[in-house]
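Dear colleague,

Please find below the structure that I am handing over to you. My findings follow it, and I would be grateful if you would read them alongside the coordinates.

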Amino acid sequence: MPVRSLNSSVLIWPKREQVVTALEAWAKKTKAVNPALCRVGYFGSVARGDWGVGSDLDVVILVEESKLPFERRAILFDLSDLPVAVDVLVYTAAEWERLTNRRAGKRWWEEVIWLSL
């Protein structure tokens, strides 16, 4: 999270590279204990390069399968150690395939930057 610069009211926000590096470390550690994890990527302002003070990190996680409904899956992944707030979307591989085959509208998923696990 942002930290104060000495006694100043100025907040120092983590650099984009620090956030991505922290996400990569988290993804590798999580994959080691959760083999059902297929892919981890990020999108939004960090992926587009218009990241700034106050930005959060938008993360997409793909798992082989899940018995939980979509809206409850994110609780399985603790990203609280990352240096900024995180919004997480967790899809099964089959759901992701269906989602990315849609043709209409702006496709946010095309800007996802996938990490190496």
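**Findings, beginning with a loop arginine**

Leaving aside residues up to four places away in sequence, Arg73 touches Ser66, Leu68, Val90, Tyr91, Thr92 and Glu95, a contact meaning heavy atoms within 4.5 Å. Arg73 lies in the loop between S4 and S5. Its relative accessible area is 4%, so Arg73 is buried; buried means under 20% relative accessible area, exposed over 50% and partly exposed in between, with a 1.4 Å probe and protein chains only.

Two remarks on the basis of these values are needed. This is a predicted model, in which local features need pLDDT of at least 70 and side-chain atom pairs count only at pLDDT 80 or more, while totals for chains, interfaces and linings use all residues. Residues are numbered from 1 along each chain as its sequence is written, and side-chain values use heavy atoms, with hydrogens and water left out.

**Overall architecture**

The protein contains three helices and six strands, in the order β-β-α-β-α-β-β-α-β from the N terminus on. Helices (H or I, at least four residues) and strands (E, at least two) are DSSP runs, numbered from the N terminus. Of the 117 residues, 35% count as buried. Among contacts between residues at least 6 apart in sequence, 63% join residues at least 24 apart. The accessible surface comes to about 7300 Å², and carbon and sulfur atoms account for 52% of it; such areas come from the Shrake-Rupley method with a 1.4 Å probe, and for residues only the protein chains shown count as cover.

**The sheet**

An open sheet with mixed pairing is formed by four strands in the order S5-S4-S3-S6; two strands pair if DSSP finds at least two bridges between them. S5 (86-92) and S6 (113-114) stand at the edges with a single partner strand each, so one side of each is left without a neighbour in the sheet.

S3 (residues 37-43) and S4 (residues 57-63) run antiparallel and are joined by six bridges. Leu37 has Val63 as its bridge partner in S4, and Val40 has Ile61. S4 and S5 pair in the parallel sense over seven bridges, with Asp87 in S5 as the bridge partner of Asp58. S3 and S6 run antiparallel and are joined by two bridges; here Gly41 stands opposite Trp114 in S6.

How is S4 covered on its two faces? Leu57, Val59, Ile61 and Val63 on one side are all buried, as are Asp58, Val60 and Leu62 on the other. Seven of the seven residues of S4 are buried, so this strand is largely enclosed by the rest of the structure. S3 has five of its seven residues buried, so it too is largely enclosed by the rest of the structure.

Helix H3 (residues 93-100) lies across S4, S5 and S6 and runs at about 100 degrees to S5. For these angles, axes are lines fitted to C-alpha atoms, for helices over the stretch in contact, and the values run from 0 to 180 degrees between N-to-C directions.

**Nonpolar cores**

The largest nonpolar core has 23 residues, and those with the most contacts inside it are Leu23, Trp26, Val40, Tyr42, Leu57, Ile61 and Phe77. A nonpolar core is a set of buried Ala, Val, Leu, Ile, Met, Phe, Trp, Tyr and Cys residues joined through side-chain atoms within 4.5 Å. Two or more residues of this core are given by each of H1, S3, helix H2 (45-48), S4 and S5. H1 supplies the largest share, five residues.

Apart from residues up to four places away in sequence, Leu57 touches Val19, Leu23, Tyr42, Val46, Leu82, Val84, Ala85, Val86 and Asp87. A second, separate core has eight residues, among them Phe43, Leu62, Tyr91 and Val112.

Val84, one of the residues touched by Leu57, is found in the loop between S4 and S5. Val84 is buried, with a relative accessible area of 2%. Its C-alpha atom is separated by 7.3 Å from that of Val19, which is 65 residues apart from Val84 along the chain.

With kind regards
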